[in-house]
Amino acid sequence: MSEVTPIFSLLNISKHFPGVKALDKVQLDLYPGEVTALVGENGAGKSTLVKVMTGIYQPTEGELYLDGKPVNIATPEDAHHNGITAIHQETVLFDELSVMENIFAGHYLQLPSGRLDWKQMEQETIRILSEIEAPLAPKKLLKELSIGQRHMVAIARALSFDARVVILDEPTAALSHREIEEFYAIVYRLQKKGCAILFISHKFDEIYSIADRFTVFRDGCYIGEGKIAEVEEKELVSMMVGRSIDTAFPKTEVDIGDCIIEVKDFCHPTEFDAINFKLHQGEILGFYGLVGAGRTEVMQSLFGVSNNASGQIIVNNKELAIKSPSDAIKAGIVYVPEERQAQGTVLEFPIYQNISLPQLDKLNPKGFLNTATEYSLADKYAKRLKVKAPNWNEKVENLSGGNQQKVVIGKWLATEPKIIILDEPTKGIDIGSKAAVHEFMSELTEQGLAVIMVSSELPEIMGMADRIIVMREGLMVNEFERAQFSAEQLVSAATGMTGELQ
Amino acid sequence: MKQLLKNREAQLALVILSLLAMIGAIIPDFLAISNLLGVYTDTSILIILALGQMLVIITRCIDLSIAANVALTGMVVATINSLYPDFPVPVIILIGAGFGTLLGMLNGWLVWKMKIPSIVVTLGTMAIFRGAVFLISKGAWINAHQMSATFLEIPRYVFLGLPILGWCSVIVIAAMYYFTRHRQLGRKIYAAGNSPTAAYYIGVDVGKKQFIAFTISGLLAGIASYLWISRYAVAYVDIANGFEMLVIASCVIGGVSIAGGTGTVIGCVLGALFLGIINNALPVIGISPFWQMAISGSVIILAVIANSRSERKVGRIILRKAVQNAS
Amino acid sequence: MEKINNSSFETKDIEKKSLPSWVFSWESFLLATTVLVFFINCLASPYFLDPWSLSDATFNFSEKAIIALPLALVIIVRDIDISVASIIALSSTAMGFTAEVTDSLFLICSAGMIVGTLCGALNGLLITRLNIPAIVVTIGTMSLFRGITYILLGDQALKNYPESFSFFGQGYVAPFIGFEFASFLVIAVLFYILLQKTNFGRRTYAIGNNPTAAYYSGINVAKHKLIIFIMVGFFCSIAAIMLTSRLGSTRPTIALGWELNIITMVVLGGVSILGGSGTIVGVVIAVFLMGLVNSGLGLINVPGIVMSIIIGAMLICVIALPGVFQRLRNKVGN
């Protein structure tokens, strides 16, 4: 396809985790002096690929080639030695160390005596930072910086290496417009130096302004590649989204009932502002947006996890003060968190104990455990959700991701809630379980529950929701009725892309 | 000035100065240079041990066996001296330093290779070291008259107004300052403790850094053991019993976070000096020395409350207006 | 109705299935070791089986063991309390001063219990309200509580206890069964029920395994931890009553250094220092094991300090064992 030979190539790379194929025989080529955009939805395997390229993960199979020669990247250090550097999605830096040390940690400049050459490092830091027009004091501690400034440090760190391959994993997610302009300039400079750049972003306007090539992944598989100049945005979106949306989702038409919860002027000092919405019985309300748009924060405040928010929450015409999850549970609001393993389940507990955990006092009013009652409760809901396990005494950690998610949902259904909030309910679970979760959402609405679904997966949210609220940077930017749904409009609203629609 | 007041070391220094001023107001003699040097010398051993402990705490571990290490190594050193009075003292000191290092390496190895939480490891080795002192000594004391004169005199020898004991801590402070500020290894220890994940991403072996921290802690305990024995001119099973808590307290007061990754040599030294001054001043100003423990306890609690207030993390800021307000 | 039968049938099924795992559990291993030590003791000394010497031995560990029980809960929820010995001291001091003015056993014991409970509450409040790691808080309160006893007592001792007070530390409820030992057994049963059979116990494990998920499940984690720390304070005062009664006096050095012994009991009993796992049965067996090793060595005239080597080595070895096995298994697997 091209006469230039790539600096860095990946061929047939697969990465399997227990129960999940994060990457399935993908390929990627990076060319000197060119920016390659890696495009795909959340969960397409982009971040996993970055970790494979930087030695944090070992691929299950496949080969990596540097300058056409096979190369083994077993540790992050190997990646450094081969001139591969990455700015990770979550900035991996040291809060308690200074800006200059964050830039030089791991490849400190030393005097011949072995003493660290702080003077040189400071000068270099000033030089690199001025190059990217981020005038930060080299000795300032990282914890005193804003998120945007931290990203600048991460970028400066990448520049401090003699890097030939630079990976930018959603580097602009937290940058302001001015910072993004500066960032483009940096990328351009790297390009001039002949670096190969891998650029991961959800924002199409960015991809079109700086990328030369693109590669598309979907569900851990390689879909295609080409030159940006030769592809329409719509084509790119359809490659990314892929499947036909309407047929795959078991959405049943339910009569929408009365308003069950109304959230008025819900505000948080730093996370979100002016959130207003109503939710009705039998309705699925989708929240769409980019990662970090503040959707999870709204839901967690609604559930009482953080109680800095102000505003009114009216459930069944009664205003409630929700100060903790137990308040929310009492009000009939439950929350299936995004971080299933960290927040949703006690992995070391058997299934039945996970399901009974939120309502031990209701099940055992005298305070003494009654295993049979707990077990029969678990039995009812685990069967209903078709959890696959030898019996309900199996520890949750031994289940697949999809079945773990079913246990979390079962745990909450057992409390007989009125409103169920699902935060990225199918993230990282296999296709079969995904379908089961979707089917179940439909079933819930038939029974008169109201569902809020936070999802970054377009097909899912378009397939399941009755209404979609799009959030960007902590604000509600748009609201769509089911009839108006279109992938392009949702994406443009979420990214703030200057497109056909406001 | 404002910046200075934000600095934890500066705050602590201020507290110490006002403490000294208060004591000086009651007993002006306390502020005499000779007395202050005496107080410093008296705190030397605590400073040396606290600096070792600091490194360990920075790597998110804790060393409860540090005082038992002093007792065991001290008994070894004293026994050698009492059995072979002509054995050159510098060699004995080297043996002590080496022996202490070995004990530290044992702790570090168990934490690094066996992956046992440091609190369990050092709880165990603390008991083992203490018991070993008994096995070596058969429970008997080694008294001043069983030790050689040189052995006892070296730390007391005054050089430029300060006894060798004091100079030892000065050297250790300087060395540790250099190590933690200007050596790659020292900085990597901070990185490993600050964020093990990020450290792994940049190719730092966190377990190995913990091993190194324990090793250095052991080395310093080995040096401190000779100083302790010669200073108090006696060796027995219960030497330095409970001293580990004072050592940890110095670190905590000095702003070393138990969560790892932070703490400076200066802060740690000030923390130890603070306790040393209280210790020395109470009897002088007529407060019963029995107050010392309660005061240091309260100070520890106040110090951690103050640290936890200033530590309060800024979460991720999504709203643009909030970002502007913050910066 | 049918459904319930069905599920209880499955419950039985599970119990059957869980039997083998019980056989290889930590508790069984401890129990086997304890039995072994028991027989070694029998062989080592003819006096070991003498009921009075056995009975005497129980006095050496009962007080510590009573604190080890609530401390196990603290460690299960990922915290630690190293101020326990100092709480004993302060609680004992309160009793000593009360005994100066009254002979009422009720008032003396109440004073101790109130002070102990308050100490525990202070620990708990500092940890849960200010979000400070338990280890730092209790290092501080360890000095603070003991320091207050030093201020109050100096180098004096309080020994004005009424005659009848001696029952708690020296009395017998049945032939050869000391009041201390009997209390320990009763409290151990209560803690067994609390941790293994109640909602409270289940929540304790949930918090220890995953505090975030526990909070997201509607558990008030802070309140739960506070209650546990208050319990520790309370049982420290119970131990203080017994110890003070046994010694007949309160000195500022009372119970000095006990915290490490007690933590060792808990950890040896299989309570993971990382939280989330461990049982009261394990702790109780560990208590007996330590008691037996202690008395056995005492019979063959090995001083107590040597036992600390054995306990220390045991502590490290037993914690290291699972990891070593895991690694060996992996090696074989590869």
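**Figure 1. The contact between chain B and chain C in the predicted model.** In this predicted model, chain B contributes 42 residues to its contact with chain C, and chain C contributes 40 residues in return. On the side of chain B that touches chain C, helix 6 (118-137), helix 12 (243-253) and helix 14 (291-311) of chain B each supply at least two residues, and the largest share, 14 residues, comes from helix 6 of chain B. Sorted by class, this side of chain B consists of 30 nonpolar, 10 polar and two charged residues.

**Figure 2. The contact between chain C and chain A.** Here chain C provides 26 residues and chain A provides 31 residues. Helix 1 (2-23), helix 9 (199-209) and helix 10 (211-216) of chain C are the elements that give two or more residues to the side of chain C that touches chain A, and helix 1 of chain C gives the most, with eight residues. By class, the side of chain C that touches chain A has eight nonpolar, 12 polar and six charged residues.

Figure 3. For residues 29-49 of chain C, the end C-alpha atoms lie 23 Å apart, and the span is 76% helix and 0% strand. For residues 134-153 of chain C, the end C-alpha atoms are 28 Å apart, and the span is 100% helix and 0% strand.

**Figure 4. Domains and confidence along chain A.** The domain assignment divides chain A into domain 1 (8-241) and domain 2 (245-493), and the C-alpha centres of these two domains of chain A are 34 Å apart. The mean pLDDT of chain A is 86, with 93% of its residues reaching 70 or more, whereas over residues 498-502 of chain A the pLDDT is below 50. That stretch of chain A has four contacts in the model beyond near neighbours in sequence. Where pLDDT is low, the predicted coordinates should not be read in detail.

**Figure 5. The six-stranded open sheet of chain A.** The strands of this sheet in chain A follow the order 16-17-18-13-19-20, and their pairing is mixed. Strand 16 (333-336) and strand 20 (475-481) of chain A are the edge strands, each pairing on one side only, and the twist averages 20 degrees from one strand to the next. Within the sheet, strand 13 (residues 284-289) and strand 18 (residues 450-454) of chain A run parallel and are joined by four bridges; F287(A) has V454(A), in strand 18 of chain A, as its bridge partner. Helix 19 (residues 487-495) of chain A lies across strand 13, strand 19 (467-472) and strand 20 of chain A, and runs at about 30 degrees to strand 19 of chain A.

**Figure 6. The four-stranded open sheet of chain A.** The strand order in this sheet of chain A is 12-11-14-15, with antiparallel pairing. Strand 12 (275-280) and strand 15 (318-320) of chain A each have a single partner strand, so one side of each of these edge strands is left without a neighbour in the sheet. From one strand to the next the twist averages 20 degrees. Three bridges connect strand 14 (residues 310-315) of chain A with strand 15 of chain A, and these two strands run antiparallel, while I313(A) stands opposite L320(A) in strand 15 of chain A.

Technical notes. Residues are numbered from 1 along each chain as its sequence is written. Chains are lettered from A and ligands numbered from 1 in the order in which they are written. This is a predicted model: local features need pLDDT of at least 70, side-chain atom pairs count only at pLDDT 80 or more; totals for chains, interfaces and linings use all residues. Two strands pair if DSSP finds at least two bridges between them. Axes are lines fitted to C-alpha atoms, for helices over the stretch in contact, and angles run from 0 to 180 degrees between N-to-C directions. Two residues are in contact if their C-beta atoms, placed from the backbone, lie within 7 Å. Ala, Val, Leu, Ile, Met, Phe, Trp, Tyr, Cys and Pro count as nonpolar, Asp, Glu, Lys and Arg as charged, and the others, Gly among them, as polar. Domain bounds come from an automatic or database domain assignment. pLDDT is the predictor's confidence in each residue, from 0 to 100.
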